[in-house]
Amino acid sequence: LYRIEVPGGATYHITSRGRNFTSGAGRPEASYASGQVFTKTAIINGGVTRTTQSERAEVSLTLPTIHPIAQAVLGYDRQTDIKVTIWHTFDGDPDEEYALKFSGRVVRVQAGYLTVALICECAGQYSSGTNCTVASSSHS
């Protein structure tokens with residue numbers, strides 16, 4: 001499950017599953033009082049890669065160029081960080097447990113003809129004052 005927050009624009013809730021996913025109340029975090037719908041999206045997660053610096057990690061997310069998230073990011077002036085959060089959960093889990101796998105920001109955008117790659121990093125504490133969170137796996 002992914003949350004991508006474009007400052008001054010929209011917050012996108014998407015999933016790489018083959019169908020939309022609705023979380024329970026207060027899931028995957030308490031701010032979702034009545035649950036949240038995550039819309040199925042063609043997204044490729046390149047996996048979280050730890051760098052040689054122990055408190056730094058990167059993940060590459062690739063979307064079709066025509067996707068609204070790609071269009072929003074391409075049109076953004078980048079004066080404030082675009083935030084990216086990735087959770088992992090299992091379909092049919094009766095406890096509906098979520099694991100936070102990555103929380104960081106977009107640091108680079110690689111635009112191609114058919115796809116746009118968002119290169120995200122989590123490095124200690126980034127400029128918005130938010131702490132970096134990285135876990136060992138990135139499936140969602």
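User: What is the average pLDDT of the chain, and how many of the residues score at least 70?

Analyst: The chain averages a pLDDT (the predictor's confidence in each residue, from 0 to 100) of 84, and 84% of the residues score at least 70. This is a predicted model, in which local features need pLDDT of at least 70, side-chain atom pairs count only at pLDDT 80 or more, and totals for chains, interfaces and linings use all residues. Residues are numbered from 1 along each chain as its sequence is written, and side-chain values use heavy atoms, with hydrogens and water left out.

User: Where does the pLDDT stay under 50?

Analyst: One such stretch is residues 125-130, with 13 contacts (heavy atoms within 4.5 Å) beyond four places in sequence. Over residues 136-140 the pLDDT is likewise below 50, and this stretch has 15 contacts beyond near neighbours in sequence.

User: How many aromatic pairs are there by the ring rule, and why is the pair of Phe 21 and Tyr 98 called edge-to-face?

Analyst: Rings of Phe, Tyr and Trp (its six-membered ring) pair if their centres lie within 6.5 Å; planes under 30 degrees apart count as stacked, over 60 as edge-to-face and the rest as tilted. The count by this rule is four aromatic pairs. The centres of Phe 21 and Tyr 98 are 6.5 Å apart and their planes stand at 65 degrees, so this pair is edge-to-face. Phe 21 belongs to strand S3 (residues 21-22), while Tyr 98 lies in the loop between strands S8 (83-88) and S9 (99-111), 77 residues apart; strands are DSSP runs (E, at least two residues), numbered from the N terminus.

User: What makes Phe 38 and Trp 87 an edge-to-face pair?

Analyst: The distance is 6.3 Å centre to centre, with 80 degrees between the planes. Phe 38 in strand S4 (residues 37-40) and Trp 87 in strand S8 are 49 residues apart. Ring pairs also link Tyr 32 with Phe 38 and Trp 87 into a cluster.

User: Is Thr 15 buried or exposed, and how do you know?

Analyst: Buried means under 20% relative accessible area, exposed over 50%, and partly exposed in between (1.4 Å probe, protein chains only). Thr 15 has 0% relative accessibility and therefore counts as buried. This residue is found in strand S2 (residues 11-15).

User: Why is Lys 83 called partly exposed?

Analyst: Lys 83 has a relative accessible area of 29%, so the label is partly exposed. Lys 83 lies in strand S8.

Note on methods. Helix = DSSP H or I, 4+ residues; strand = E, 2+ residues; numbered from the N terminus.
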